[in-house]
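Take a look at the model first, then read on.

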Amino acid sequence: MSAARAGGGTTTGLGRVLVAVYGVFAVAATSRAAVQIATRFHEAPLAYALSALAAVVYVVATLGLARTGPRWRAVAWVAVTVELVGVLTVGTLSLADPQAFPDATVWSVYGRGYVFVPLVLPVLGLLYLRSERRARPAA
């Protein structure tokens, strides 16, 4: 039995909640980006391209967290780390140069439009992955 299944992993408790929230953000970011790109891409191409990038990251993070096995955990680590770097970078740039972001992205102003969940979510994801790794018995 895998370590994730032995301890519940993402099938119970905090892991399940984390996967659910990531799933909601994957759908929300994908929908938002699709509408923005299809209807108004010329108005804010950078912002809308970043929304699409956020959508891809949320989808990959959801899959990485929902699946079991060392490869999926590596995928989750990379996706959640990219998410944190993205939200910190875009959040800072959107404050430093608001004209570069005439319309908001999921990560603008550290996710203010989403009640800062995009800032908190990767931190929780990394803490969860770290605690899961520590709980895994030595092979």
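A residue counts as buried under 20% relative accessible area, as exposed over 50%, and as partly exposed in between (1.4 Å probe, protein chains only). This is a predicted model, in which local features need pLDDT of at least 70 and side-chain atom pairs count only at pLDDT 80 or more, while totals for chains, interfaces and linings use all residues. Residues are numbered from 1 along each chain as its sequence is written, and side-chain values use heavy atoms, leaving out hydrogens and water.

**Aromatic pairs**
- Four aromatic pairs are found in the structure; rings of Phe, Tyr and Trp (its six-membered ring) pair if their centres lie within 6.5 Å, and planes under 30 degrees apart count as stacked, over 60 as edge-to-face and the rest as tilted.
- Tyr22 and Tyr58 make a tilted pair, 6.1 Å centre to centre with 50° between the planes.
- Tyr22 belongs to helix α2 (residues 13–40) and Tyr58 to helix α3 (residues 45–66), so this pair ties together parts 36 residues apart in sequence; helices are DSSP runs (H or I, at least four residues), numbered from the N terminus.
- Phe25 and Tyr114 have ring centres 5.5 Å apart and planes at 50°, so this pair is tilted.
- Phe25 in helix α2 and Tyr114 in the loop between α4 (70–96) and α5 (117–135) are 89 residues apart.
- Ring pairs join Tyr22, Phe25, Tyr58, Trp107 and Tyr114 into a cluster.

**Burial**
- Tyr22 and Tyr58 are both buried.
- Phe25 is buried at 10% relative accessible area, whereas Tyr114 is partly exposed at 21%.

**A charge over a ring**
- The charged end of Arg67 sits over the ring of Trp72, 5.2 Å from its centre; this term requires NZ of Lys or CZ of Arg within 6 Å of the ring centre and within 35 degrees of the ring normal.

Technical notes. Helices (H or I, at least four residues) and strands (E, at least two) are DSSP runs, numbered from the N terminus.
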